Amino acid sequence: MADRKCVALIAHDQKKDDLADFAKAHETVLADWRIVATGTTGGRVLDVCPSLDITRLKSGPLGGDQQIGAMIATGEVQLLIFFVDPLTAMPHDVDVKALMRLAIVYDIPMALNRATAEQLIDLNPR
Ligand SMILES: O=C(CO)COP(=O)(O)O
């Protein structure tokens, strides 16, 4: 439904289990959102929450982060939940930074770890 807000879900490889667990724990709340996700992350979340309305974009290193950044710029994404791995070098680090930058530029709520996501998921009006 077009009137539902849209959340973007992304997790780096070492954080995908954690994001899938987070999504399962908040499945009822997430069911009220439209969801976009980078390719692999979206697949992992759908494995545990098959009923969720998730649009899978490209994988992060292949442009998925940039797709979500563009959706933030056009006002299509209102919340970013991105479980970042700070201990692994990423070939697409510039894309990750660009995505975070656009979330700041457009002043949307952005959770970069689970503790913050746990706070935001309940605060945001749906
Ligand atoms: O790399 C990512 C974010 O920077 C995530 O992409 P995937 O969900 O496709 O693994």
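Predicted model: local features only at pLDDT ≥ 70, side-chain atom pairs only at ≥ 80, totals over all residues.
Visitor: What pLDDT does the chain average?
Guide: The average is 95, and 96% of the residues score at least 70; pLDDT is the predictor's confidence in each residue, from 0 to 100. For the complex, the predictor gives an ipTM of 0.98 and a pTM of 0.96.

Visitor: Why is Ser-59 called partly exposed?
Guide: Count the other C-beta atoms within 10 Å of its own: 20 or more makes a residue buried, 12 or fewer exposed, and anything in between partly exposed, with C-beta atoms placed from the backbone. Ser-59 has 16, so it's partly exposed.

Visitor: Is Thr-38 buried or exposed, and what makes it so?
Guide: Thr-38 has 26 other C-beta atoms within 10 Å, so it counts as buried. Thr-38 sits in the loop between strand S2 (34-37) and H3, with helices (H or I, at least four residues) and strands (E, at least two) taken as DSSP runs numbered from the N terminus. Beyond four places in sequence, Thr-38 touches Ile-10, Leu-57, Ser-59, Gly-60, Gly-64 and Asp-65.

Visitor: How many residues surround the ligand, and which are closest?
Guide: There are 13, the closest being Thr-38, Thr-40, Thr-41, Ser-59 and Gly-60; to be near it, a residue needs its C-beta atom, placed from the backbone, within 6 Å. Helix H3 (39-48) and helix H4 (64-73) each supply at least two of the shell residues, and H3 gives the most, with three.

Visitor: Which residues does UniProt list for "binding site"?
Guide: The unreviewed entry lists His-12, Lys-16, Thr-38, Gly-39, Thr-40, Thr-41, Ser-59, Gly-60 and His-92.

Visitor: Why is Ala-23 called buried?
Guide: Ala-23 has 27 other C-beta atoms within 10 Å, so it passes the test for buried. Ala-23 is in helix H1 (residues 16-25). Apart from neighbours within four places in sequence, Ala-23 is in contact with Leu-9, Leu-30, Val-45, Val-48 and Cys-49.

Note on methods
Residues numbered from 1 in each chain as written. UniProt positions renumbered as here; feature names shortened; annotations may be inferred. Contact = placed C-beta atoms within 7 Å.
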